[in-house]
Amino acid sequence: MFGKINKLYFSGDKNTAVLLLNDLLDRLFINRSSSDKDKYWNESAGQFALGICKLILELGQEITVSKLLQYRYEKYPNGALRRAFEALPKDSDVYQNLAGVMTLTAENTKSCIMSTFDQLIRIFRAAPALTEMLSSSSFDIDDIGVKKTAIFLVVPDEKTTFHFLATLFISQCYESLLESADGFGGSLPIRVNFILEEFCNMPMLTDMVSMLTAARSRNIRFHLVIQSYEQLVDKYGEHISRTILDNCGTLIYLHSREISFLEYISQLAGKNEFDRPLLSVSRLQRIQKNENIIFRGRCYPYLAKDVPLIFDYNVELGTVMPVREE
């Protein structure tokens, strides 16, 4: 989770590292507020976490989830954090970030901030295996888009507790890819595909529209799989949902019972020379399981039948694939 931040900070690029740290903690604390009423407490808890993380870096140590928990549940209660805080110059960024909690005299306010902090990170404290997993990485995020890499994010589908971690990784990965693309003249040498199954069940990606619009020129593709358009609207709202659809170069329709969405698909297909819909709502309602309709930019819709599943291809694990000649 903090790997790229540590790498940048200790390589000398401290400004970029702090910017990434701010973005990460915004998503971890502030963006998880359920209402405007909670925003103050989330921001205060996030500011406290930022101060701890900056202090860890100032002490020459790498930030990990385990170390963040250690400062909160060991060094804060036993006074070690306060002693470190009081030794800081009062005009330093670290002092200013920690001061919001450390200098509070209103115990009720301080208690609410710490309670919010505990609530937002309780998932890590309750799952030691998860905390340990997030404290190190078996791959370098900078290799994505430069070397052939496959990363699978597996989260339970029966509960959404861990879904925000998948969204957090996608955001971090995307930002890293943009940085890598700049180093290659604006486009990654190897195309990166984000295959986001159950897209509507993931926490909202606040920058999704800008991600879609900027991805194509960087050699990045997003594959968004949704069960229904209404799910997308519930998550992103009508305006952003329509913008997401409009920014997708290819749309594959399988089946739906939503009349409004069926009407949209029918209008998208267009009309024939007799001013009749190429695909009526009635036809779309009765599409068969072996059929799907493919919309590709500037092309007529294509009704595909019996498209083989990936499992139908005769490829076994370990098979040496032929190399395409230039």
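Predicted model: local features only at pLDDT ≥ 70, side-chain atom pairs only at ≥ 80, totals over all residues.
**Notebook: charges and salt bridges**

I started with charge: the protein chain carries 36 positive and 40 negative side chains, and the centres of the two sets sit 1 Å apart.

**Overall look.** I looked up the secondary structure next and got 14 helices and 5 strands. The C-alpha trace spans about 80 × 50 × 35 Å along its principal axes. Of the 326 residues, 38% are buried. I also checked contacts with a separation of 6 or more, and 61% of them come from residues 24 or more positions apart.

**Surface.** The accessible surface comes to about 20,100 Å², and carbon and sulfur atoms own 51% of that. I found a nonpolar patch of about 230 Å² made by Phe139, Ile151 and Leu153. I picked Leu153 to look at: it's in the loop between helix 8 (128-134) and helix 9 (163-183). Leu153 has 42% relative accessibility, so I wrote it down as partly exposed.

**Salt bridges.** How many salt bridges are there? The count is 12. I went through three of them.

Glu179 pairs with Lys4, with the closest N and O atoms 3.6 Å apart. This one joins distant parts of the chain, since Glu179 is in helix 9 and Lys4 is in helix 1 (residues 3-10), 175 residues apart. Are the two partners buried or exposed? Glu179 is partly exposed because its relative accessibility is 38%, while Lys4 counts as buried because its value is 15%.

Then I checked Arg27 and Glu175, whose side chains meet at 2.4 Å, N to O. Arg27 belongs to helix 2 (residues 14-28) and Glu175 to helix 9, 148 residues apart, so I noted another link between distant parts of the chain. Arg27 is buried at 17% relative accessible area, and Glu175 is partly exposed at 23%.

Asp118 lies in helix 7 (residues 107-126) and Arg72 in helix 4 (residues 65-75), so the bridge ties together parts 46 residues apart in sequence. Here Asp118 is partly exposed at 22%, and Arg72 is buried at 10%.

Lys4 and Glu179 are the pair I'd already looked up at 3.6 Å.

Key. Residues numbered from 1 in each chain as written. Heavy atoms only, no water. Helix = DSSP H or I, 4+ residues; strand = E, 2+ residues; numbered from the N terminus. Buried < 20%, exposed > 50% of the residue type's maximum accessible area, 1.4 Å probe, protein only. Contact = heavy atoms within 4.5 Å. Areas by Shrake-Rupley, 256 points an atom, 1.4 Å probe, with all protein chains shown as cover. Lys, Arg positive; Asp, Glu negative; His and termini not counted. Charge placed at Lys NZ, Arg CZ, Asp CG, Glu CD. Patch = residues over 30% accessible without salt bridge, like charges linked within 9 Å, V, L, I, M, F, W, Y side chains within 5 Å. Salt bridge = Lys/Arg side-chain N within 4 Å of Asp/Glu carboxyl O.
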